[in-house]
Amino acid sequence: MRTTLSLRRAALVFTAVGALALTGCGDGGDTKKSDGGTDKGTDSAPTVTLPKLDGENISVAAVWTGPEQANFTKVLGEFEKRTGAKVSFVPAQDPIVNFLGTKIAGGEPPDIAMIPQVGAIQQAVARKWAKPVGEEAKAQLTKNYAKVWQDLGAVDGTQYAVYFKAANKSLIWYNAAAFDNAGASEPKTWKDFITTAETISASGVTPVSVAGADGWTLTDWFENVYLSQAGPEKYDQLARHEIPWTDPSLKDALTTLAELFGKPELIAGGADGALQTEFPASVTQTFTGGDQPKGAMVFEGDFVSINIAQTEAKIGTDAKVFPFPAVGADSPVVTGGDAAVALKDSKGAQALLTWLASADAARIWAEAGGFISPNKNLDSAAYPNDVQRTMAEALVAAGDDVRFDMSDQAPQSFGGTPGKGQWKILQDFLKNPKDIAGAQEKLESEAAKAYKS
């Protein structure tokens, strides 16, 4: 299964998101918190029954840090209150499959792992690490999730994962003051996007902040361009490696991407600076410095709001958003997600899967901000602003008509390992965007090895 929102439907909805951002996002009356959320509280009638687990210790491994870790800890804290269990958070590193392999080899696997790649879930199953989801958790999945999200967590018909956190990865966030000073407007097409970037550059501000130090952001750049330009059918074929990375459609996408990457004056710090810029800094440098930021725009998903909250910028006033510009007929909408997988077949692990599949658990992080849930029974009023609410409603409304981040579907050695595979090759391409043929050949060589293994 794949996940990217229906292109035409989503393009309309996310155009509405941009309009909402222009008019402000406050709900009125909520007290804003440092993490971008609100003090709405979590008291309401429970929608899920959990067992008593007094004295049981449960460990959960995830790659989340900072505000994401803090917000997830709130979700785990409520589980502790309801069950009596003690839950510990285990900081993990990418690639998480390697991290888990080390833990398992040492005889200390966590009870639950939050896995951000479909390919990594499949690897965990193939290595016989993952335990099937129990009946209570499956009942919550059936009740609360579209079939596509259930299928994403299944391997050969057996349910192994519960998708807890989703992301819309097709958004451009921008510094409103920098746009206003340049007389720039929100672009709807890729051609207009490049023109807008050049307009902002002429005003004395570097237009685009690129997090080149994190290879995953570069795969997202590529996937959005490729989906819009080549279309959903080609996207699916490439995701399954049914067509090679030397296909002409790849040349077209990389040529398009080179229209940005090949103009260092449009990128904050040029290619060298971008390759030293990690994702959090790419956001904060866009929304600090008033109307003279290091970059006027930054590309990434709804979770950018978490990092914006670490600045003085206010979403809807200082920080606004528009859909990723259309390269082909429609704007793309790529989504990703994090899934809970049990590595121990214990009562506590199964209870935590059940909890994470519930609307109650999703509501806690939704209220805190920087989160979108695929749970269709989560009341969208839980989201702290209209931007996140509209993005979440669009995700749920798309139902089964969705596709998933391509690199997250690939074997982790190709699509999800720092310094290797797709991440490294696209970093090299950012540095030398003229070598399109060379990038294609390297991508195909690495993909062929990874998919065979």
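Start by selecting Val63, Trp64, Glu68, Asp94 and Trp216: among the 34 residues that line the largest pocket, these lie nearest its centre. A pocket here is an open set of points on a 1 Å grid over the protein atoms alone, where a 1.4 Å probe fits, with protein on both sides within 12 Å along at least five of seven lines; lining residues have an atom within 4 Å of a point.

Before moving on, note that this is a predicted model: local features need pLDDT of at least 70, side-chain atom pairs count only at pLDDT 80 or more, and totals for chains, interfaces and linings use all residues. Residues are numbered from 1 along each chain as its sequence is written, and side-chain values use heavy atoms, without hydrogens or water.

**The pocket**

The largest pocket has a volume of about 970 Å³. That volume is the space filled by probe spheres set on the points, which are joined across faces, edges and corners. Colour its lining by class: 14 residues are nonpolar, ten polar and ten charged. Gly counts as polar in this scheme.

**Helix H5**

Next, select residues 135-144, helix H5. Helices (H or I, at least four residues) and strands (E, at least two) are DSSP runs, numbered from the N terminus. Show Ala137, Gln140, Leu141 and Asn144, the buried residues of H5. Buried means under 20% relative accessible area, exposed over 50% and partly exposed in between (1.4 Å probe, protein chains only). Why do they sit on the same side of H5? They cover an arc of only 100° around the axis, which puts them there. The arc is taken from the directions from the helix axis to the C-beta atoms. Turn to the face away from the buried side: Glu135 and Thr142 are exposed there. The buried residues pack against H6, E5, E6, H15 and H16, with contact meaning heavy atoms within 4.5 Å.

**Aromatic pairs**

Now show the rings. The structure holds 28 aromatic pairs. Rings of Phe, Tyr and Trp (its six-membered ring) pair if their centres lie within 6.5 Å; planes under 30 degrees apart are stacked, over 60 edge-to-face, the rest tilted.

Select Trp190 and Phe324, a stacked pair at 6.2 Å centre to centre, with 25° between the planes. Trp190 lies in H8 and Phe324 in the loop between E10 and E11, so the pair ties together parts 134 residues apart in sequence. Trp190 is buried at 4% relative accessible area, and Phe324 is buried at 0%.

Then go to Phe279 and Phe303, an edge-to-face pair: 5.7 Å between centres, 70° between planes.

Last stop: ring pairs link Trp190, Phe193, Trp221, Phe261, Phe299, Phe324 and Phe429 into a cluster.
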